[in-house]
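Here is a short briefing on a protein and the ligand it holds. Look at the structure first, then read the points below.

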Amino acid sequence: MTPVRDRLRVAIQKNGRLSEPARALLASCGLSWRESPDKLFCYGESAPVDLLLVRDDDIPGLIASGLCDLGVVGRNVLGEQMSDLRAANRDASVSELRALGFGGCKLSIAVPNDWTWTGPAMLSGKRLATSYPALLRDWLDANNVQADIVELSGSVEIAPRLGQADAICDLVSSGATLAANQLKPVEDILQSEAVLAGPVRDFDPALAGIAEMLLRRLDGVMKIRDSKLLMFQASRAALADVLPLLPDAEPPTMYPIGEDGMFAMQALCHGVVTWQRLEELKRAGARGLMVLPVERMLA
Ligand code: ATP
Ligand code: MG
């Protein structure tokens, strides 16, 4: 039996697209670490939260086996591995706890440029190359298409040119790689981004409190990521024109100030507060407008 741990262990990618943003996000939750000489393990200094640096493909398995408690991984990788388990009639034991807003990409079907795309039925009887066979199989089944899946671990986009496949299912962000291989995306089968993955089962009691603390901080960071505190003054009469210009704001705090019917207002806006928006607010009757950065928030 594995010994009970009293420190939370979070798996993140060692080298790759998600490594830096994952670390930066955890650091913005107030965590800091001391790195081991082999750079595979980081000991949490400011909180009992350690990092394990691994290949992204290993992250769901590490959580499923209980060797790690949480992980930052692409929805594409987590989805593929969980779908694969379900296809084998096994329980998907790891789930997405939070979407993290970075590492965005799409898992798409791409076909040669000279195909005139009429819909998924066109793929019947065709060979599709992919590194995501389980997700592709789910999509083909949902669309009632019978096609052959050619599983490749990399360089999927050259498979049609090599005659290995007729079309592909691969990750796309800008589409430049597809274009360079005379392919065009025609159907998106998954919108992916980095997610915080965790066990479906409850956390061990010794770790539940630490995990809750981390999730609470993460929610605070995510919530204010693009947020600004908007402060201004307005008369009661102007509020009917001013408030509709703040559709992305939390209900504002308002308190009466000296002059009759005037209020000092503060509103947390979750969208971008541009100069143009400030000018519109001013025209609607707001004055003394000020936009302040928000550093931390605890709901
Ligand atoms: P590892 O060595 O850890 O296995 P990898 O080569 O599998 O690394 P990366 O290429 O670093 O992984 O990609 C990690 C994740 O980044 C992907 O699984 C995906 O969620 C996301 N991602 C975002 N944009 C892209 C893109 N254009 N191509 C591939 N992955 C992308
Ligand atoms: Mg990988």
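A polar contact is a pair of N or O atoms within 3.5 Å. Keep that cut-off in mind for the contacts listed here. The model is predicted.

**Polar contacts of the ligand**
- In the side chain of Arg-17, an N or O atom is 2.9 Å from an oxygen atom of ligand 1.
- The side chain of Gln-13 also has an N or O atom 2.8 Å from an oxygen atom of ligand 1.
- Asp-56 places a polar side-chain atom 2.8 Å from an oxygen atom of ligand 1.
- Taken alone, ligand 1 exposes 640 Å², and the protein buries 76% of that.

**The site and its shell**
- Ligand 1 sits in the largest pocket.
- There are 15 residues around ligand 1.
- Arg-55, Asp-56, Asp-57, Asn-76 and Ser-173 come nearest to ligand 1.
- The shell around ligand 1 has seven polar, four nonpolar and four charged residues.

**Domains**
- The domain assignment gives domain 1 (8-103 + 194-224), domain 2 (105-192) and domain 3 (228-293).
- Domain 1 and domain 2 each supply at least three residues to the shell around ligand 1.
- The C-alpha centres of domain 1 and domain 3 are 39 Å apart.

Key: Residues are numbered from 1 along each chain as its sequence is written. Chains are lettered from A and ligands numbered from 1 in the order in which they are written. This is a predicted model: local features need pLDDT of at least 70, side-chain atom pairs count only at pLDDT 80 or more; totals for chains, interfaces and linings use all residues. Side-chain values use heavy atoms; hydrogens and water are left out. A residue is near a molecule or strand if one of its heavy atoms lies within 4 Å of it. A polar contact is a pair of N or O atoms within 3.5 Å; within protein, one must be able to donate a hydrogen and the other to accept it, and residues adjacent in sequence count only if both atoms are side-chain atoms. Accessible areas come from the Shrake-Rupley method with a 1.4 Å probe; for residues, only the protein chains shown count as cover. On a 1 Å grid over the protein atoms alone, a cavity is a set of points where a 1.4 Å probe fits but cannot get out, and a pocket is an open set with protein on both sides within 12 Å along at least five of seven lines; lining residues have an atom within 4 Å of a point. A molecule sits in a cavity or pocket if more than half of its atoms lie within 2 Å of its grid points. Ala, Val, Leu, Ile, Met, Phe, Trp, Tyr, Cys and Pro count as nonpolar, Asp, Glu, Lys and Arg as charged, and the others, Gly among them, as polar. Domain bounds come from an automatic or database domain assignment.
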